[in-house]
Amino acid sequence: MVDAINLALKQEMKRDKNVILLGEDVGKEGGVFRVTAGLQKLYGKDRVYDTPLSENGIVGTSIGMAVRGLRPVAEIQFSGFVYPAFQQIVSHASRIRNRSRGRFNCPLVIRMPYSGGIRALEHHSESMESLFMHIPGLKVVIPSNPYDAKGLLTSAIRDDDPVIFMEPKRVYRAIKNEVPEDDYTIPIGKAKVVKEGNNVTIIAYGAMLREAQKAIDAVEKENVSCELIDLRTIKPMDNETIFNSVKKTGRCVIVHEGPRTGGVGAEIIARINDHMLLELEAPVERVTGFDTVFPYFQNENHYLPEEHRIVNAIKKVVEF
Amino acid sequence: MSYIEKNDPRNGKVFRVLDKDGKVVNKSAEPKLKKEDLFKLYEYMILTRVADEKAIKLQRSGRMGTFAQSSGQEAQVGIALAMKKEDWLFPSFREHGAMMLRGMPPELFYMVFMGNEEGNRMPENVNNFTVSVPVGSQALHAVGSAWASKIKKEKDCTVGFFGDGATSEGDFHEAMNFAGVFNVPCVLVCQNNQYAISLPVKNQTATDTIAEKAYAYGFDGVKVDGNDVLGLYVIAREALEKARKGNGPTLIEAFTYRMGPHTSADDPTIYREDKEVKKWKEYDPIERFRKYLLKKKYWNKKYEEKVLKWAEQKVDDAVKKAESTKLGIDDMFKYMYKEMPDELKDQLNYLKSMKTSKGEGE
């Protein structure tokens, strides 16, 4: 996935000279995960900036650039360090188009690695995507694999509104698939049916796709046919794909690693409740992280949703 | 040596051209402005004050919401005059004088405080950004804007305004740091009006001046008599030229006084003495400049009447326009994104249906 994101950045920077990168250690070092490796060398120091260590400064100045017609792609080194930048994201980036009645807009991408499972320090593993989902004016995109990461990031850079782009660092180097050199985009706001099935709908995104797939492989041996949806974007959310699937299966399990309360799963359940309640054969199940601080890594495997918990949830809704 | 360099705030220097009686105290610095530019400064200071006075009446009679006046700080128009049309201004919420001089239609000022976002729809050919309410947050946008000019190799500069309270916010320090590190063509203006709501500036910072903070970020700061419109003009012009030549940012501390309350919801008698306000009245920026124009024989009663009539007419027209601009339900939704997502369309349709069933139409 690292290479796919790097390729998207490289191609978009070539296509549009207004695309610039900034962040901590993104230039000479190429980022702590090497996502931006080689780009400063290729495009120069006036396209790729190593900034002072200041998340709010990075996002705030990016906003000023974006309203002046640049397309900054800002990197926050870890999503757990984005909170100082909330001031600028919540109070400005998300509101500029509305506040100015469209006179100004903010074509800004804020990339940040999120998710656990890599035995990291505190603040380096959390999944707080639902905080962004709650903010009007943002789009929140979370790819699950390299192919999607390239297509979605390309769309995000070309988008005229601010996009939070959360990269599951657990799959940065874990999943390999063919990523075409061609210029392609994947639309923001559309989910993907990864696999069709009839008995139960599994909804996941980011690093949880792989865990969901493992669970599906296990239950399908017992003849439970699963439909797997990769949300790809959590804001705006693709109701249509979710509803069509749930209408077919009547059963649904949502998997995410962020905390349970007020999470993406809660939102999906609310939407199903609004529109699809009578189509359901069983209550919707959520397999999520807990309302605890993301633990130091000795305990992280207990926190993260994994095959056994997902299998359990699938069986619960199927046997209801 | 430039006036900025000559007036290092760490040596207790305060730059001014005019004293409180409108007398030129710094002959060599007196700008050679054309008569019409001097008139423009005077007229926009008057317009700003007349606009505020009207706003107070509107607010008291319930025709306008809470608003922030700039009474006492009208000399800000000197900075606006020093800017080129292609330069960018990033205001806080007390810069309608500077914004109007740069071409903002006065009705926008009223609309913002009448609760109508249309007040932030700056005309396409006016390079003013929108008001920014979270204190100090816009300083970073100003630096980003200046940085964009540098990246795009455009010749414009950016001026970012904020108040003394802002200098305690992280955004201010981050903006100063980025401005210095990337040497951007930016002029940061702190309107030190002595109070952040009730907190006097001496409790806001332990430094003697705000201007001297610039040196910690590697660039110049200068303290200017913020009630001297010519002083602000001269320093702003110099700082802008310096920025345009690639010689980096400047912090200007405009040492002024907020004659009125923080906003119309504030009662300053709780936290400051009348005698202090009276003292500052002697330094009034408009009175001072009027005396200067009188000495130059540019001002007379007839001119004053003409200016007042012009300002009142402009304000009346602005209020009419502002009050006749109404918002629909759609206006709340349609500017959230370039294209409205389905989920937002659903919410809009729902709200419309509720209005219909309530018998309100849209």
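The largest cavity holds about 100 Å³ of space. The model is predicted.

Colleague: Which element gives the largest share of the lining of that largest cavity?

Modeller: The lining has 15 residues, with B:H96, B:M99, B:M104, B:F109 and B:V131 nearest the centre of the cavity. Two helices of chain B, α4 (96-101) and α5 (106-113), each supply at least two lining residues. The largest share, 4 residues, comes from α5(B).

Colleague: Now the interface: how much area is buried between chain B and chain A?

Modeller: The size of an interface is often given as the accessible area lost when the parts come together. Here the contact takes 47 residues from chain B and 46 residues from chain A. In chain B, B:Y335, B:Y337 and B:E343 lose the most area to chain A, together 17% of what that side buries. Carbon and sulfur atoms give 59% of the buried area, which is about 3800 Å².

Colleague: Which residue of chain B meets A:D160 in a salt bridge?

Modeller: Between chain B and chain A there are 6 salt bridges. In one of them, the N to O distance is 2.6 Å, and the partner of A:D160 is B:K338.

Technical notes. Residues numbered from 1 in each chain as written. Chains lettered and ligands numbered in written order. Predicted model: local features only at pLDDT ≥ 70, side-chain atom pairs only at ≥ 80, totals over all residues. Heavy atoms only, no water. Contact = heavy atoms within 4.5 Å. Buried area = accessible area lost by both parts, 1.4 Å probe. Salt bridge = Lys/Arg side-chain N within 4 Å of Asp/Glu carboxyl O. 1 Å grid on protein atoms, 1.4 Å probe; cavity = no way out; pocket = protein on both sides within 12 Å on 5 of 7 lines; lining within 4 Å. Points joined across faces, edges and corners; volume = space filled by probe spheres on them.
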